[in-house]
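Let's take a walk through a protein model together. Have a look at it first, and then we'll go through two parts of it.

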Amino acid sequence: PQEVYFKNLSKQKQKEVMEKNGNNHKLRVCVATCNRADYSKLAPIMFGIKAEPQFFELDVVVLGSHLIDDYGNTYRMIEQDDFDIHTRLHTIVRGEDEAAMVESVGLALVKLPDVLNRLKPDIMIVHGDRFDALALATSAALMNIRILHIEGGEVSGTIDDSIRHAITKLAHYHVCCTRSAEQHLIAMCEDHDRILLAGCPSYDKLLSAKNKDYMSIISMWLGEDVKTRDYIVALQHPVTTDIKHSIKMFELTLDALISFNKRTLVLFPNVDAGSKEMVRVMRKKGIEHHPNFRAVKHVPFDQFIQLVAHAGCMIGNSSCGVREVGAFGTPVINLGTRQTGRETGENVLHVRDADTQDKILHALQLQFGKQYPCSKIYGDGSAVPRILKFLKSIDLKEPLQKKFCFPPVKDNISQDIDHILETQSALAVDLGGTNLRVAIVSMKGEIVKKYTQLNPKTYEDRLALILKMCVEAASEAVNVNCRILGVGISTGGRVNPREGIVLHSTKLIQEWSSVDLRTPISDALHLPVWVDNDGNCAALAERKFGHGKGIENFVTLITGTGIGGGIVHQHELIHGSSFCAAELGHIVVSLDGPECLCGSQGCIEAYASGIALQREAKKLHDDDLLLVEGMSMKEEEIVSAAHLIQAAKLGNTKAESILRTAGTALGLGVVNILHTVNPSLVILSGVLANHYVNAVKDVINRQALSSVKTVDVVVSNLADPALLGAASLVLDYTTRRIY
C-alpha cells in the first residue's frame, strides 16, 4: 500500500503540502487508544505514521480498560508493537454499571487537559463510539485541537449510536468505512470536503493474514486436538440500554454452546455496564473449567485474526463479527440488537430476538462449518495509505471553526476530496465460446479497461486464466481510481446463481459443467462473486443501462452464435424453478424443422442463430449457389453467416429466402413469448439484431393477438451487453442490499 501511495502523490506534491503548513512543519498527531478493540483499528494507522517521520510526529496516549488487569492489561501489546507510550491515564471507575460509566467519562475529562496542554498536538485521532472516546473528543474540541474521527457515520444498536454521532459533531475530519456511512455523515450536515471514504484500517492487515501459519495459534488457544472449522469463537458484550435482557441472552448463549458440544473460545466482555454480571454468569456455569471451553480476557489481534479466519463459526454481538470476520467468509451468528443497522455480508445470520436456547442452538446448527464468499464491504486493504494522504492534505492555516453543510445535499455523488476520489466499479467477466474477456465497469456503465484472451479448452487452464486476468484487472483498478465492489460473471449454459455454479454448459464451452465459480474467485480476490447465464446478463444490462431502464416487464433476445435471452417481470429477472427460464432459443416453431444443437428439432436457434445461418451458407457454397457478382472469397476463407447476409444484400434470392425463413422463425418465437408473458417491450440484441428487427415486427403484425400487437420491438443500443450485464450483477446487488 505504501508503494501505491507514493505512486499517486509525487515528492513535489508532498513538499507543497508541507510548505503550505509553514516552514516544513511536521504534523504532530496524538493517537489515543482506550481498549483492545479500538487499538486493532488504530494500530495500522500508527504504524503508517511512524513509518514516515519526515511528515509526522506521533504521540500515543493510553487510557481506559487497557490499564486494567481484569481486561488483560492490553497496553502491553502496544509496547510489544514498539510504540512509545507518552502518557498512561487511569480513567476507569470500577463498578461496571451506568453510574460507573458516567464517572469514568468525568474522570477522563479531569485528567486529559493537562496531557493535551503538554503535548500540544496538531490533530487528535479518535476511534469509534466508546464512552472513553467521547471524553477524548470533548476535551480536544474544547481545547481547540483538530479531531480526526475514525468510523463515523455507521449505525448500530445501544448507546453507542448516540456517542458515535456526538463525536461526529465534535470532530473536524471524518474517515468512514462504507458508502452508507459516508452518506450518513453528509446527511448529518458534515462538510463534504472533510469526509474520506477509506475503508476500515484493520482490513489492511486482515486481507493479508489468512495464509500465515495458524495451526500453532489454534493449538495454543484451544488445544492440540482441535482442527480448523471445528471450533467456535464467542464474544458477547452487555447492551447498556437493556442490561437485564443482555445478561439473560448471554446465559442462553452459553447453554446453547454447552449443548452444541464443540470446542469454544470465549472472550470476556468489555468494560461496559453489565459486564460484571456477565462474568458472574460464566463462573456460575463453570465455563472457565469446562473441558469444551477456553475462557480468556484477551487475544492479541494478529492471533485473533487467525482464530476467527479458521473457525467453524463466530457467535455473539461484537462489531468484529459483522465487520472484520466477513473478510474471511467465516459464518457469524449475530445475537440481539447491539449491531442493528450495521451493513453485513452473506456470512451473518441475525438472531434479533435471542430469547430461547433452542433458537440460538438452531442458528448454530444452520451456520456451523459453512464457508461464505469473502466480503469487502468495510475495506479493500488500502485504508492506511488513503488516511495518510488525507492527513497530509490538512491545512493547519484553515479556520478551526467547523462548517456545516445543511440540506439540500448532493445526491449519490462521492464527496471525497479530488485527489482521493474513487469510482464505484465492478469486475465483469464474459465467458464466450471463443474469447474470455474481463473488464472494469463503472457505476455509469463505462468500460474503463478491458482485457481479452482466447478461451482455453480445459477447465484448469480456463479457471487459471480467469483468476490471472481478474487479479491483473483488480490491481489496475487502483491506478485508474476505481473501487471494485465485486465480480460478476456471464457464461453460457444453465447456471445456479444462488450458489454461483455452472450446472450445464453449452457445447461451445468444453469441460464447463458442475463448476463452482464463486468459491475460488472469491477466495483469491477477497471479493463477493455473482454468476449468471449470458442471456440473463443481457437482460440485466438492458434493465440498468439500456432500453429496459424503468420498464416493469420486458424481454431481451440475443441473436448471435446461438439464440438466448432473459425475461424481466415486475422489475425482477425470472430464473425459474430449475434455473432454466428464458431458454428462448429453444422455443419450438416447427415440428419437422432442422435439428438443433440441443437435440430437438425446429427450435428458433436451429433457424436463426449464427451457427444455423453458417450451416445454410455452407450448403449454398457447396452447390456453388452462394457467391454472386460483387462477392469473392479466398480459398482458405471459412464460410460464415456474414457471407450469407452479404449475398442476400447483393440480390442472391436463395440467401434472401434463408434469411426470411430465419426472421419468420424468430418472429414466431417472439409471438409465443408475447402470448406467454405479455411484456411491453422486446429488445433484440447481438450482431444479427438489425437484420431481424423488421421481420419480427412483420410476423407480430400477422400472427399475434391484437392485444399484444402494440408491443415495442427495438434493437439494443448497448455496445457490450454481456460485460455490462455481468457488471450489473454486482452494481445492482451491492447498492440496494437491505438487511
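This is a predicted model: local features need pLDDT of at least 70, side-chain atom pairs count only at pLDDT 80 or more; totals for chains, interfaces and linings use all residues.

Seven strands make up an open sheet with parallel pairing, in the order E3-E2-E1-E4-E5-E6-E7. At its edges sit strand E3 (85–89) and strand E7 (195–197), each of which pairs on one side only. Going from one strand to the next, the twist averages 20°.

Helix H5 (residues 98–119) lies across E1, E2, E3 and E4, running at about 165° to E3. Helix H7 (residues 160–170) lies across E4, E5 and E6, and its angle to E5 is about 145°.

Next, let's jump much further along the chain. In an unreviewed UniProt entry, the annotation "binding site" covers His586, Cys596, Cys598 and Cys603. They span 18 residues in sequence, but no two of their C-alpha atoms are more than 8.8 Å apart, so they gather at one spot.

Are the cysteines here buried or exposed? Take Cys596, in the loop between strand E24 (572–573) and helix H20 (604–608). Its relative accessibility is 5%, and buried means under 20%, so Cys596 counts as buried. Leaving aside neighbours within four places in sequence, Cys596 is in contact with His586, Cys603, Glu605 and Ala606. Cys598 lies in the loop between E24 and H20 too, but at 44% relative accessibility it counts as partly exposed. Not counting residues up to four places away in sequence, Cys598 touches His586 and Cys603.

Conventions: Residues are numbered from 1 along each chain as its sequence is written. Side-chain values use heavy atoms; hydrogens and water are left out. Two strands pair if DSSP finds at least two bridges between them. Helices (H or I, at least four residues) and strands (E, at least two) are DSSP runs, numbered from the N terminus. Axes are lines fitted to C-alpha atoms, for helices over the stretch in contact, and angles run from 0 to 180 degrees between N-to-C directions. Contact means heavy atoms within 4.5 Å. UniProt positions are given in the numbering used here, feature names are shortened, and annotations may be inferred rather than shown by experiment. Buried means under 20% relative accessible area, exposed over 50%, partly exposed in between (1.4 Å probe, protein chains only).
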